[in-house]
Amino acid sequence: MMTLDETEILKRALERERASRKAAEKILEEKSTELYNLTQELKISNTKLEQIVQERTSELKGVFENIIDAYVVMDLWGNVLKMNDAAVHLLGYDKRLEDFNLITLADESEVDNVMGAFDILMNQGAVTNFQVKINTKSGEQKLVQINASIIIGSENKPIAAQGIVRDITKDKEAEEHLIQSENRLSTLIRNLDSGVLLEDENRKIVLTNNKFCNLFEIPLLPEQLVGSDCSNSAEQSKNMFLDPEGFVERINEIVEKRELTLGDELKMVNGKILERDYIPVFSDSKYKGHLWKYRDITLKRRYRQSIEIEKEKYRSIIANMHLGLVELDKEERIVMANQSYLKMTGYSEDEVLGKVGKDILLAKADRDMVEERMKERKNGLTNAYEIRIKNKKGELRHWLISGAPNYNFNGQVTGSIGIVYDITEIKALHLQKENLLLKLEKSNDELQEYAHIVSHDLKSPLRSIDALLQWIKEDNKDKLDEASMQNISHIETTLEKMEQLISDVLEYSSVGSDNSKNESVDTNDLVNDLIKILYIPEHIEVEVHNKLPIVTGDKTKLQQLFQNLISNAVKFIDKPKGKIDIKLNVSSDYYQFSISDNGIGIEEKFHEKIFKIFHSLNKSKDSTGIGLSIVKKIVDLHDGKIWLNSKPGIGTTFHFTLKK
């Protein structure tokens, strides 16, 4: 049986156990309550987290679908897992319709480039600004830029890759065009005929060219000057200019003002003249530097001075020349008139400038004709015509006008220029000449008629004398002695010569008055016919060495020309065996005939005289001294020339020309 103490001990132990159990239950209750509260809070948090994840997922989906650039997700072997519409549009492939590998789209030439980029992606976790040429599904080649990164899985290992693919084909082309343009511009500037110096805002050289170095005698290449400080360059080069201090001051003034400056003229010690431009460069209203441009205008200035001198010279010539010069605008108003023109009209410069010339000068009878000529000038035609005008005094004058259209630099007609020549006195002389020609023609007709009358009146008594002599000889045949018969014979010879002289004078006077029409004449037939008709002694041979041409002229006169020369040659041959040669030489404008003989010849002092009337070197009954005068007159009528070569005792050659 248990003792009281044991019972007490057990009771106390039981109470302590109950107390411990209550304490544990209380703690458990508190923890359960806390756990319940935590569970509720966790449920709320999970709900919020799910909502946030759902929202973020929706946002990412929207970004993925609506991103402008192509977005692609692929596995680690390049197989496309997901892509947006922009990627479909760029590559031509659609993951939703077919599987494809992104690496296989790379151009064959890019294999090494692609593998190198993949190594970087796998080792470093990302690749940026990677450029590669790809071939799309349609076969089009494009240049793309890729920014890609690795996707890490739950085990902290790479499971895929994602990237943005941007088409930079056009950007690259634009960049290349820009580079080419910059190169062309740089080449153009380097080779400009003007010296160019581009400075930045700190006056450091950005660009210059060979011409600038040459103008300023800088022994460096343009590329070597880039980056140099120009702050003190004016001081260094000032002694190259006639006004060194002025050169420096002007540069400092221009740089300080930063205003566009054009056409500054600089005179150099070596005689050159430069023209300088300053162009400030601003970007968004911020000063970025300036451009200097130097041009060598030495020749231009000298040329301008020469032009001014020539201009002044011709201005003086125009002002003082004897021809009138007038310039009209398109409305035919006078805009310029020289002194000669004013003198011709009698008006002062103030009285004619701005006036229409035809309104104050032109005679009414010529108005329609002048208006027609002015229309021609406005259409670009040049013309010349004669008009009648009345000067300020009311005197009628005759003018010859040569007019031409006046053009501006664009080839447009701006008016006209006229040169005026006063032909009033010439017209009067021309009228006098016409009257004189009429009188001369009348006198020639009267003289011709008189020559025929005189010839008839002179020959009639000669024939009567000859008849009386014949009667005397018949009636006194047996009564007259030999001396008387010889005297009668001399009288008969003189009568024959007198009659021949009268006939030749009549013929000479008729040569120039005959109005026969010109015709084609075969001189070959004409000469051969003459040789058959003329009396040529047996001891004389006539030879035609060339076929003679067909010429235009008066057939009768040409026949007389050849007949006189051949007869003359026959008459004066004194050799036992005579020879006459007829030859022809042809030039571009005329035929040259020659008739040679081996006769007595003619001394040189008589070569001119024999062509004058009544100059005969032989006083025989057959020579009147008119035959060669007629020959010369016929040649002159045919616009030809006649001359001779001769040596006494050897022979003579007559040359004459006839136009083709």
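This is a predicted model: local features need pLDDT of at least 70, side-chain atom pairs count only at pLDDT 80 or more; totals for chains, interfaces and linings use all residues.
**Overall make-up**

The protein chain has 660 residues, and 34% of them are buried. Its secondary structure comprises 18 helices and 22 strands. Among contacts with a separation of 6 or more, 50% join residues 24 or more positions apart.

**The H17–H18 pair**

Helix H17 spans residues 555–571, and helix H18 spans residues 627–637. Their axes come within 9 Å. The crossing angle is roughly 145°, and the crossing is left-handed. On the H17 side, the contact is made by Lys557, Gln560, Leu561, Asn564, Leu565 and Asn568. H18 contributes Gly627, Leu628, Ile630, Val631, Ile634, Val635 and Leu637. By class, the residues of this contact are eight nonpolar, four polar and one charged.

Asn568 deserves a separate look. This residue sits in helix H17 and takes part in the contact with H18. Its relative accessibility is 17%, so Asn568 counts as buried, the cut-off being under 20%. Beyond its neighbours within four places in sequence, Asn568 touches Leu628 and Phe654. Leu628 is one of the H18 residues in the helix contact.

**Ser646 and its surroundings**

Ser646 belongs to strand S21, which covers residues 642–647. Its relative accessibility is 16%, so Ser646 also falls under the 20% cut-off and counts as buried. Its side chain takes part in two kinds of pairing. One reaches the backbone oxygen of Gly651 at 3.1 Å. The other is a polar contact of 2.8 Å with the side chain of Thr652.

**Cysteines**

How many disulfides does a search of the whole structure find? The search finds zero. Cys213 is buried, with a relative accessible area of 3%. Cys230 is buried as well, at 4%.

**Buried residues compared**

| Residue | Relative accessible area | State |
|---|---|---|
| Cys213 | 3% | buried |
| Cys230 | 4% | buried |
| Ser646 | 16% | buried |
| Asn568 | 17% | buried |

Terms used. Residues are numbered from 1 along each chain as its sequence is written. Side-chain values use heavy atoms; hydrogens and water are left out. Helices (H or I, at least four residues) and strands (E, at least two) are DSSP runs, numbered from the N terminus. Buried means under 20% relative accessible area, exposed over 50%, partly exposed in between (1.4 Å probe, protein chains only). A polar contact is a pair of N or O atoms within 3.5 Å; within protein, one must be able to donate a hydrogen and the other to accept it, and residues adjacent in sequence count only if both atoms are side-chain atoms. A disulfide is a pair of cysteine sulfur atoms within 2.5 Å. Axes are lines fitted to C-alpha atoms, for helices over the stretch in contact, and angles run from 0 to 180 degrees between N-to-C directions. A crossing is left-handed if the near helix is turned anticlockwise from the far one by less than a right angle, and right-handed if clockwise. Contact means heavy atoms within 4.5 Å. Ala, Val, Leu, Ile, Met, Phe, Trp, Tyr, Cys and Pro count as nonpolar, Asp, Glu, Lys and Arg as charged, and the others, Gly among them, as polar.
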